[in-house]
Amino acid sequence: MIATRLHPDKQTAAQAIAREIADLIEIRSKSGKSTVLGLATGSTPLPLYAELIRLHREAGVSFRTVITFNLDEYEGLGPTHPQSYRFFMEENLFRHLDIPAANIHIPDGLANDPAKNCADFEAAIRDAGGIDLQILGIGRTGHIGFNEPPSAADSRTRRVHLDEVTRRDNSVFFGDLDQVPHGALTMGVATILEARRIELIAFGEAKAEIVRRAMQEAPSPSCPATWLQQHPGCTFHLDAAAAKAL
Ligand code: PGA
């Protein structure tokens, strides 16, 4: 059962989720525990990251006890490539916060042995005690992370082939479709479903149909986001346009 929360605008959604994250960090750090966050890239989480930075600067929220795992990375792009997700995260979040560098985990797009990199990534999540709260966007193919259709419910962190719809959608960031990698490393569906809480964010009319499918179609590999229906604590944060087809 997926819960929905309607927000008047992106900023209000960002404030609500950022507050939830700050509260979680505070409660856990009081009892000496770290907080494990699963993070996403793309344009959707940007207002959330801006709000987390504001809470750090203006409200004194510390992220020293936070451990992060990003969902995915393009194959072939290193940390200095402006379209790599490592670069995106440094620019839009990490360099503005006090998360210890050793606590940050993103699949390595340049790994010589991608299968080992993915297995190490899974092991690091387990060693951290699992993900407390996972942020997700949703692609028009129904992907979560880069789990394109078909992606099974028991899939793990692995190398994947990007859907052409996704490559075209993401080509706006690259300026040229030919520059968009064909492959990626992504956290698996099973890995995502093990997070204790999942907050998916979708804004705008372009997401309305896939939001409807994710919530209303029977769970299947052909729309990976439908697997979220099997999670006990998943909320879709939507604006009116994204909720339009529900
Ligand atoms: P977007 O991407 O935030 O740029 O819309 C979402 C996704 O592909 O998961």
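Tyr74, Tyr85, Phe146 and Phe174 form one aromatic cluster, where rings of Phe, Tyr and Trp (its six-membered ring) pair if their centres lie within 6.5 Å, with planes under 30 degrees apart counted as stacked, over 60 as edge-to-face and the rest as tilted. The model is predicted, so that local features need pLDDT of at least 70 and side-chain atom pairs count only at pLDDT 80 or more, whereas totals for chains, interfaces and linings use all residues. Residues are numbered from 1 along each chain as its sequence is written, and side-chain values use heavy atoms, with hydrogens and water left out.

A search of the whole structure finds 5 aromatic pairs. One of them joins Phe69 and Phe121 edge-to-face, at 5.6 Å centre to centre and 90 degrees between the planes; because Phe69 lies in strand β3 (residues 66-70) and Phe121 in helix α4 (residues 114-127), this pair ties together parts that are 52 residues apart in sequence. Helices (H or I, at least four residues) and strands (E, at least two) are DSSP runs, numbered from the N terminus. Phe69 counts as buried at 0% relative accessibility, and Phe121 is likewise buried at 6%, where buried means under 20% relative accessible area, exposed over 50% and partly exposed in between (1.4 Å probe, protein chains only).

Tyr74 and Phe174 also form an edge-to-face pair, 5.3 Å centre to centre with 85 degrees between the planes. Since Tyr74 lies in strand β4 and Phe174 in helix α5, the pair ties together parts that are 100 residues apart in sequence. Tyr74 is buried, with a relative accessible area of 1%, and Phe174 is buried at 14%.
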